[in-house]
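Subject: Handover of the two-chain model

Hello,

I am passing this structure on to you. Please look through it below; my notes on what was found follow.

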Number of protein chains: 2
Amino acid sequence: MELHLDLGAAGGASLRARLESALRETIRSGGLPAGVRLPPSRSLCEQLGVSRGVVTDAYAQLVAEGYLIARPGAGTTVADTGSPHRVAPPATPARAAVRHDLDPFVPALAAFPRTQWRATVGRVLRDAPDDRLGLPDGAGVPELRVALAAYLGRSRGVRTSWDEIVVTNGLRQGLTLLWAVLAAGGNRRVAVEQPGWRGVTETALDAGLEITPLTVDDDGLVVDRLAAHPEVGAVAVAPAHQYPTGAVLSPPRRAALLDWVRTRGGLVVEDDYDAEYRYDRDPIGALQGLAPEHVVYAGSASKSLAPGMRLGWLAVPRELVAPLADVQRRRGGMPASLHQLAMADLIERGGLDRHLRRQRRQYRRRRDALMVELARQLPELTVRGAAAGLFVVLRLPDHSDEAAVLAAARRAGRALEGGGGAPPARVIGYGNLPEAGGGRAVAALAASVRAVPPRIVRR
Amino acid sequence: MELHLDLGAAGGASLRARLESALRETIRSGGLPAGVRLPPSRSLCEQLGVSRGVVTDAYAQLVAEGYLIARPGAGTTVADTGSPHRVAPPATPARAAVRHDLDPFVPALAAFPRTQWRATVGRVLRDAPDDRLGLPDGAGVPELRVALAAYLGRSRGVRTSWDEIVVTNGLRQGLTLLWAVLAAGGNRRVAVEQPGWRGVTETALDAGLEITPLTVDDDGLVVDRLAAHPEVGAVAVAPAHQYPTGAVLSPPRRAALLDWVRTRGGLVVEDDYDAEYRYDRDPIGALQGLAPEHVVYAGSASKSLAPGMRLGWLAVPRELVAPLADVQRRRGGMPASLHQLAMADLIERGGLDRHLRRQRRQYRRRRDALMVELARQLPELTVRGAAAGLFVVLRLPDHSDEAAVLAAARRAGRALEGGGGAPPARVIGYGNLPEAGGGRAVAALAASVRAVPPRIVRR
């Protein structure tokens, strides 16, 4: 038998490596079917004009990998490696243009402090001891836990200590961990805001918990509904700026929620959503500060820096730290240690505070420009929610078909979200909407609102 | 009532912020019990010598946060915020010295390519489009998937395409995802190597799967035991360098495993553990290359760069990509996008290959030095396993009490692992053991081996 092998150009690879590769590819593509006996090494080496050792080494390698079978006295035959591999098309990823302009979950990506982050990573790579490159603790690297405890205390009124902080791979991952620990501890049912951020419900359901939806109105979560649900052990709430209603939990509701958790002995899970951004007054301090023994505080860098940062944190009652860190370790979910150290450096040097001050001004200008255009072009609709965060809520005319409006907007390429409640509403994010872009964006919105006739409500 | 408030030094904070903070802290510490009525704003402003607006604003803020209650006609009273918060000790993290010197899971942390990584991060921050700072795809950023598909094909013989790659937060996290998808697809039982890396078993059990342990001998997993377990749908195996035996899966076993998976229609999960490091010959290509439709290839940067990198990857049959990406997205487990982009840059520019070539030479020297010392100081014991990876396996005398030897070693501060099988053995990692340190390390080992008398075996 004569083999037709293309050994290709040298290109740095040894003769042996090229022979191996040629044989492997020929077998894979079906050019050498199973059971075929290869020429003895002494004849193949003559045929190819290479030394015999090159051929015997290549055969041995392919025997070890399972492409060939060597039997004493029977020579070397091709192994049965199944059907020839389909030749995959030369796939390359499409470079899709992602439009974030009205996405309520994305801060201004163009404002990400790239220069500062580069300097920060440089300092960490210069200064971090080698052991920080080992597997990080399940609760996070101590440097970041220390920085976060101080930062959250100072900026959000969170009462915590570094060893009550658990670093997570963003908020969703933090909730996933928390629900796993609560479920393992015998909790069965969590109350969530309705409408609310779907990440809370998805992660809780995935952890095997059951969901009790509670209404949200202009004062935030309607806490007194909890009385009718004695089986609820934990309540997830976004007091600072609720998505998608834009409501801020009112003082009486805050008090009622704390009453409930103290009486019931359960847990409040505070999603401190959008809390960095308040434009009309100082942000309201975290609920956690009033009852650190009963509240899990959850935050992230997704709105303050970028969702791609994948950094979040939980400030928890002390007894939850070890179980959370253990689940995190078992699942290997800790963010990269260099990444955690860089975040610690950014916070410690005041870089995050400076960035937030700059961004608050930018978002306020963007929000103001959007409000002017909404008043000018859609005067018949009212805007709900606090002057906070990265979105406004536009109340649609009664009996509007929210889904149809969204579909019309989607056809126009706009990343909108529905309000998901009653009355119909639409959420407009302005994190990535430059002031000058407000007019055109609202014109497109107005067109999609007016394209959809009011729905006929059947009673 | 007169309030004694320490407004502290200015230090940049406004009078109002200092008043708020002083009131908040006084309430938290129990200095102002629940129900106490605060002085009217007009008298407190006189007492403090500040404008009245400062006091009314501070009261309003604390009402919004829930520390105070304002009732029309009843003035402002302190809310019931529960018992005063225990004053946490001024906790600072202990800076524990971590000893990695004999840890089999940790590569040379001092050799991490810091300069190169810094340049890589700098390039990414300069060049990455803004949208790459948004939430990364659940399967990973395209740049890294493309780089990994080419790298794994070239270095490990993996047959894959960029869109069959799922980027994970390290190997454990990748397995956690995979088991979740398999369990959701109706799989119930996974066969694992016994002894083997506990990460495989832990993640599978956590996902609700059942475990069938299969023996490992000097030829790797004893594949024919699978015939007795028809209920097994997936087999996890480390063919390149099994932990903790050091065995390499033999060609007949590779063939038998592929036979099993093709006949059974199940899945082989190939943990390509330690595969970057082979000192006596070329590394053996991945099993996945022989049956890409039936094998999930799993790898990570933990041994090639550092465990703190938290980067791993799966090359999977195409139908598994979407479910894996979906679970990853729902749990928010994607590594940070900048981190993924930096890894892509390092691979594309050949930085990972260069690092691995350098490290192979270093580890080979370390292994050789360790072998010399073992032969000199512990000549009665044999070393098992291939000349590969980051550890050697020292076979202990028959009837040795492995646990007692480990305990003795632990008292000497050595990060050892037991072999976990029969015959008793001990795993010695040399990733962080400099050549000059081999003599002292083996002397300590010899002392702990000899400190423990052979165990009396009861029959």
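Between chain B and chain A, about 7,400 Å² of area is buried, and carbon and sulfur atoms give 51% of that. The size of an interface is often given in this way, as the accessible area lost when the parts come together. Please keep in mind that this is a predicted model.

In terms of residues, 86 of chain B are in contact with 86 of chain A. Six salt bridges are counted between chain B and chain A. One of them links Arg16(B) to Asp282(A), with 2.9 Å between the closest N and O atoms.

Which element gives the largest share of the side of chain B that touches chain A? That is helix H4 (residues 114–127) of chain B, with eight residues. Sorted by kind, the residues on that side of chain B are 35 nonpolar, 22 polar and 29 charged.

Next, the sheets of chain A.

Eight strands of chain A make up an open sheet with mixed pairing, in the order S3-S10-S9-S8-S7-S4-S5-S6. Its edges are strand S3 (165–168) and strand S6 (220–221) of chain A, each of which pairs on one side only. At the S6 end, strand S5 (residues 210–217) of chain A and S6(A) are paired in the antiparallel sense over two bridges. Here Val216(A) lies opposite Leu221(A) in S6(A).

Two helices of chain A can be described together with this sheet. Helix H6 (residues 171–184) of chain A packs on the sheet and touches S3, S4, S7, S8, S9 and S10 of chain A. The direction of H6(A) makes about 170° with that of S8(A). Helix H7 (residues 198–206) of chain A also packs on the sheet, touching S4, S5 and S7 of chain A. For H7(A), the angle with the direction of S5(A) is about 165°.

Another open sheet in chain A has four strands, ordered S11-S12-S14-S13, with antiparallel pairing. Strand S11 (383–384) and strand S13 (417–418) of chain A are the edge strands, each pairing on one side only. S13(A) pairs with strand S14 (residues 425–429) of chain A over two bridges, in the antiparallel sense. Within this pair, Gly418(A) has Arg426(A) in S14(A) as its bridge partner. Helix H11 (residues 351–377) of chain A packs on this sheet and touches S11, S12 and S14 of chain A. The direction of H11(A) makes about 15° with that of S12(A).

Regards

Methods. Residues numbered from 1 in each chain as written. Chains lettered and ligands numbered in written order. Predicted model: local features only at pLDDT ≥ 70, side-chain atom pairs only at ≥ 80, totals over all residues. Heavy atoms only, no water. Pairing = 2+ DSSP bridges. Contact = heavy atoms within 4.5 Å. Axes fitted to C-alpha atoms, helices over the stretch in contact; angles between N-to-C directions. Buried area = accessible area lost by both parts, 1.4 Å probe. Salt bridge = Lys/Arg side-chain N within 4 Å of Asp/Glu carboxyl O. Nonpolar A, V, L, I, M, F, W, Y, C, P; charged D, E, K, R; others polar.
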